[in-house]
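Q: I have a two-chain model open and want to go through it. Can you take my questions as they come?

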Amino acid sequence: MPTVSMAVNGKSVSADVEPRTLLVQYLREHLGLTGTHVGCDTSQCGACVVHVNGESLKSCTMLAAQAEGADVTTIEGLANGDELHPMQEAFRENHGLQCGFCTPGMVMSALDLVQKNSDPSEQDVREWLEGNLCRCTGYHNIVKSILAGAKALKG
Amino acid sequence: MTGTGIGASIKRVEDQRFLTGNGSYTDDINRPGQAFAWILRSPHAHATINSVDTSGAEATPGVIAVLTGADMAADGVGGLPCGWQIHNKDGSPMAEPAHPPLAVSKVRYVGDQVAIVIAETRDVARDAAELIEVDYGLLPAVVDMDSALADGTLVHDDVPNNRCFDWEIGEKDTVDAAFADAQHVVSIDLVNNRLIPNAMEPRAAIAEFDRSTGQYTLHTTTQNPHVIRLLMGAFVLQIPEHKLRIVAPDVGGGFGSKIFHYAEEAILTWAAAKVHVPIKWTAERSESFATDAHGRDHETHAELALDADGNFLGLRVETKANVGSYLSTFGSSVPTYLYATLLAGVYTTPAIYAEVQTVFTNTAPVDAYRGAGRPECTYLLERLVTKAARQLGMDPAELRKQNMIQSDQYPYQTPVALQYDCGDTPASFESALKVADYLGFEKRRAAAEKTGKLRGIGISTYVEACGIAPSAVAGALGARAGLYESAQVRVHPTGSVTVYTGTHNHGQGHETTFAQLVSESFGIPADQVEISHGDTDQVQFGMGTYGSRSLAVGGPAILKACNKVIDKAKKIAAHIMEADVSDIEFADGKFTVAGTDKEMAFGEVSLAAYVPHNYPIEEIEPGLDENAFYDPLNFSFPGGAHICEVEVDPETGNVEIINFTAVDDVGRVVNPMIVEGQVHGGLAQGVGQALLEGCVYDDDGQLLTGSYMDYTMPRADNLPSFSVATQSVMGASNPLEVKGVGEVGAIGSPPAVVNAILDALAGLGVEDISMPATPQRVWQTIQDSSVRQAAE
């Protein structure tokens, strides 16, 4: 079994994994970081979005071995202790989540949008979320949350 | 005042854990020494099982066990039960063919369970399943309802014509007489498209058996853990309640699809006692598509009789409903008592008769999906009434108003069993018309025309029955269970509170809203209240969450228990303050003696209850912990009006929702922020049904829409921001005066969208379009329209 090493949420980690292990499986099953979710088997739902070297990525589309040496951030790596990241706080303030299952992927995806476009319009947000499915919120409050989060991050 | 009681939009308690990745969904849970299961499923829609050879799988290193339907049958395991018995027109009971959790002699749909492989890892289990050799004898599949009723292929050998039941409601003769007097008869044929629920969390389960105690524990993605305990324990595996614990931890959405007792729950629990290690199973999305119970799937012919002035005289409805291959837990109740009892809608139609045939086919079981029967009913009525307005040359808003039940007519007895307790549809309709600027629409249509777009406006007014359900009524109609709810309110010594509720929170925000109820009742801040749910070892009993029942039935149970706590606390306070209990008043978290300045805070009394040094010990027991069961007197009846405005691009067939207005009457609102969120979500599912979603099987029973590449889920850029408001008449059938909000969005919205599209295309002579109105279907409808055809 190949050994993979990477930094996850700022910590160096290393493990022997089966070659077919996906990054999301590695995060969930080897590291116990179960905040990253699996909602489909065709890379469409976006519940597994994490950041790899600063870019959002569906962690079911990458083998753990492909992330060798990478810098990975998951939903668990965002808050500062009990203090939520401004984007997490925006979701809380604007009721941007219901069952919570799509939420980690939504937040991680939203952060990548905002780093690429610090002042997105509602339409920008709606189009960006093409790769993230939510069945609970009708997206109304997710869009509102991301717009508020973008504003907060811009300061 | 705490500021956290009823009516406050406080932020949700549950969000902190979900936003930081600390939720605990079933697949996030791991048990020591656990093994993993893979379910081998039928690739065929209909086939006999001639033999199953498991030897190759069993010989695979890492495989612990391979078990089949034959093993289950040998152990005397029962079939999955149906929870609601419907009777045929002639009084005989519905057909209830056996539903073995693992198929024994025959498979009946693609995805039917054939074997379970238990192995040390999921990959090994999955790989080993490939080595199981099943000799199938292929049979022709029946997929559509007409063929199922007509031809000789039987899904179940003991169910002639594949008819599950043939049921009726209403008085046929009265309706026939109304039609004989009619000046106008408007008829319509509709398909209510089959949907796949698609909660974002796939189903999952972990089963364990403790040999030393004989105790079973099942973690499962369910909306109603006690119901699963009852159904699986009593009917399938014969495990008594005290030896069976069901835990429903965080659940990632349900929408009805996680109500039902699924085969995998029974298979895993049964197998856990054989292998003596915990067994974990998580569905892949493909399995969810194929095996989660689907929703809707009706074909209906209906006729509305009107007099010369447009007054409704009678309604006649014939519906065929697909129940799939097996009767799911509540599959029989959805197209009957949750559907046809609402056929009066918001109108005074004096005579209504409906017949419903349900049909077995070689497709996944069909059961409740957000709205369950009520969206099908609303779609039928609101399409039909809109068509009637067009046929009579009337404004669809005016025709509705003319026939609408007025606020002074409540309680209103419908001709189809239900009595609506209260409501005011004319008021919510007027508000919606105003917000949507209905009167200004023609100007907007003309403006759109200049840009080459066809603009249309569509109306839907609706009422639904939820708060499921008064047990006596449900029992008389065939329910095999009571539908009350239970609560336990445990006040701790220092005055904080834990509430145990039998409902289950999977996105609805109960941990917040229910704490607000207690905050209101005890005058303590909501953050002093913890809501516990989902574990049958903690919660005394419960019927779970579906049918918009949690606040309307579970809420009053909490209120009742709170009132018992207050009654007891008053006795304690009276003793300590040396007053008569009749002089004790309780408000804003303080017990006071009337006419004096004596007072005790809530926490002081609770402490006295647990440290009973000065205590009326002859009169009452120590402690402050009360439970209650609440059974509602009637259903609750939310309703309202939805108005949709669309622009159709005639070149591409694309439909854009420009505005969507929803004014809903949901009774008292506990948390306005959460209520709005519930409406948004329901609307998205309704818009999804109207524009995007449709389950398709081919003629061989293969599921063509089995992934997110083939089944179109609503995405953010398919939807607008919604304009939602509540305009409520306080509920009349429960002490909280609430009605329910979980399903209203999905119930009211589909006909509003389709009526808007038909309004946009009316100038082309288009009178009908089916859901989902995809761009391709809209474009084709435009090409086939009488105006286009005449022009060519």
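Q: How much area is buried between chain B and chain A?
A: About 4200 Å² is buried between chain B and chain A, and carbon and sulfur atoms give 54% of that. Buried area here is the accessible area (1.4 Å probe) that two parts lose on being put together, summed over both. L19(B), M200(B) and A716(B) supply 17% of what chain B buries against chain A, more than any other three residues.

Q: What should I know about the model itself?
A: This is a predicted model, where local features need pLDDT of at least 70 and side-chain atom pairs count only at pLDDT 80 or more, while totals for chains, interfaces and linings use all residues. Residues are numbered from 1 along each chain as its sequence is written, chains are lettered from A and ligands numbered from 1 in the order in which they are written, and side-chain values use heavy atoms, leaving out hydrogens and water.

Q: How many residues does the contact take from each chain?
A: 52 from chain B and 46 from chain A, with contact meaning heavy atoms within 4.5 Å.

Q: How many salt bridges between chain B and chain A?
A: Five, each a side-chain nitrogen of Lys or Arg within 4 Å of a carboxyl oxygen of Asp or Glu. One of them pairs R135(A) with E693(B), with the closest N and O atoms 2.8 Å apart.

Q: Switching topic: is E382(B) buried or exposed?
A: E382(B) has 1% relative accessibility, so it counts as buried (under 20% relative accessible area, 1.4 Å probe, protein chains only).

Q: What is E382(B) in contact with, beyond its neighbours within four places in sequence?
A: The contacts of E382(B) include Y347(B), R400(B) and N755(B).

Definitions and conventions
Buried means under 20% relative accessible area, exposed over 50%, partly exposed in between (1.4 Å probe, protein chains only).
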